[in-house]
Amino acid sequence: MFGGRFLSTTRQFNDLTKDRSGNFATITALAMVPLLSGVAMLLDYSNVTRENTRLQNAVDSSVLMAGAYYRDNGKLPADDKAKRFLELNGFTDAELVTMKVVDGEVYLRASVRTDVLFMDVLHSGGYKTYAEATVPVSIDREIEIALVLDTTSSMSLDDRLVDMKQIATNFVDDALDMAPPGNSDAVTLSIVPFAKYVNVGIANRNASWIDVPPDSTQTVCSMKRDIVSQSGCVERTEERIGEMGPYTARWQQCDTTEYGPEYEVCTPQTQVWNGCVGSRAAPLNVEDHSYGTDPVLGVLNVNCPSAIQPLTSVRSVLANQIRDLTATGETYIGQGVACGTRTLSPAQPFAGGDPDLDKTIKSMIIMTDGDNRRSPNTWDEGIKHDNGDVANGDYHTQEACDYARLKGIEVYTISFGDDVSSGGDAVMLACAGDASRFFKAEDERELRESFEAILSNIFTLRLTS
């Protein structure tokens, strides 16, 4: 009797374990609950972190605007105007929580509702992200900023130059707005366009710190042979990017070509100076001294960007300089950095910088949309920049950045667009000397956000969060 009950129970258990479909579905359903919850929390964390960063950048920029308004008007802006500051910095739905003056500083706190999946259950009414920042209502130190801007031919692609001009103009306006009333010279900026060379301005041809060969015309002769006949010819085209920008190359490719006898052709060639300068012998190619014995060297018969604008607080001068930028030439970043340092220096060639680092913040922003393509020549003491040795260009760029930081300049770098390689990004990161001062901007929006973040960082001694 006992044995029969045992066999019956065993048979029932075996039958139950064989029916796996229902059990599996139940177990799977139960397991999916924590799994989906984990995925939802991960997505929530990512969304909250991204929105927090964006909101913090917007609040940093907005409190600077509120602080400038307070200095100009002696009172805080109205709440709707402060909310407009947040809107201008990318948040139309942000809520102004608090704005007040505390111990001589404008304090601003804002929030924004962040879309979440799992955390809505824990936060009835929606999850909010908060950010806050403060800015003193007076500037106790002067600010000097050098904008070292890539104007190579590749900047003509995809409206890069158009976008950069607008963003740089806005940056200049925002920076100048930080100057206190009655002391507009407390904030000054220089503009240093660069390509393969930098233009110091033809008006400086006879300055004591530069050596420019005289313009000349000489007859250059060469041997030539005319084409007598060709066969099997087809037309070829190819899209290319040259020193003057994108163009369509067209040529004829033939199976056979017959040439006539050689003869000499002589033509006059005029060597003229367009304001372009090359490199002094290393290490003076990146350093800022000894111009009396080792002057800056002018290079004849080459093209370069528009001339450097030395430090100034005149808004219209800076705006016109940016407006007139054009894209031409190849990339050598080191020369731009070296000249950026010179614009911030109290010594020649520009002599516009304040020598007192205790009362002056000096910053340099270097923006490029590509890797180094050229470097100083190794066969003529580096005067010209026709060398295609990219590693050499990267080396001298790093030397120039290191020297700028040694002179007390905070260096910020931006890699703009998708043409900068990982190696080029590494050069820009090393140039900044700190990951917090390196920015990767894939498009116009990220470039604008990079400049806005740098503006906040430059004024970080009066900005806390």
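Val277 stands opposite Gly298 in strand 13. This is a predicted model. The points below cover a four-stranded open sheet, two nonpolar cores and helix 10.

**Sheet**
- Strand 12, residues 273-277, and strand 13, residues 296-300, are paired in the antiparallel sense over two bridges.
- The open sheet has the strand order 6-12-13-7, and its pairing is mixed.
- Strand 6 (198-199) and strand 7 (210-211) are the edge strands, each pairing on one side only.
- In general, strands of a sheet pair through backbone hydrogen bonds, either parallel or antiparallel.

**Nonpolar cores**
- The largest nonpolar core holds 58 residues, and Leu147, Leu189 and Ile365 have the most contacts inside it.
- Helix 5 (residues 160-177) gives the most to this core, contributing eight residues.
- Beyond its neighbours within four places in sequence, Leu189 is in contact with residues including Ile145, Leu147, Phe171, Val172, Ala175 and Leu176.
- Pro310, Leu311, Thr312 and Leu318 are also among the contacts of Leu189.
- Another core lies apart from the largest one and has 34 residues, among them Val198, Val212, Cys401 and Val427.

**Helix 10**
- Helix 10 (residues 444-458) has 15 residues, which at 1.5 Å a residue should span 21 Å; the end C-alpha atoms are 21 Å apart, so the two values agree.
- At the start of helix 10, the backbone nitrogen of Arg445 has a side-chain oxygen of Asp443 within 3.3 Å.
- The buried residues of helix 10 are Leu447, Ser450, Phe451, Glu452, Ala453, Ile454, Leu455, Ser456 and Ile458.

Note on methods:
Residues are numbered from 1 along each chain as its sequence is written. This is a predicted model: local features need pLDDT of at least 70, side-chain atom pairs count only at pLDDT 80 or more; totals for chains, interfaces and linings use all residues. Side-chain values use heavy atoms; hydrogens and water are left out. Two strands pair if DSSP finds at least two bridges between them. A nonpolar core is a set of buried Ala, Val, Leu, Ile, Met, Phe, Trp, Tyr and Cys residues joined through side-chain atoms within 4.5 Å. Buried means under 20% relative accessible area, exposed over 50%, partly exposed in between (1.4 Å probe, protein chains only). Contact means heavy atoms within 4.5 Å. The expected span of a helix is 1.5 Å times one less than its number of residues. A polar contact is a pair of N or O atoms within 3.5 Å; within protein, one must be able to donate a hydrogen and the other to accept it, and residues adjacent in sequence count only if both atoms are side-chain atoms.
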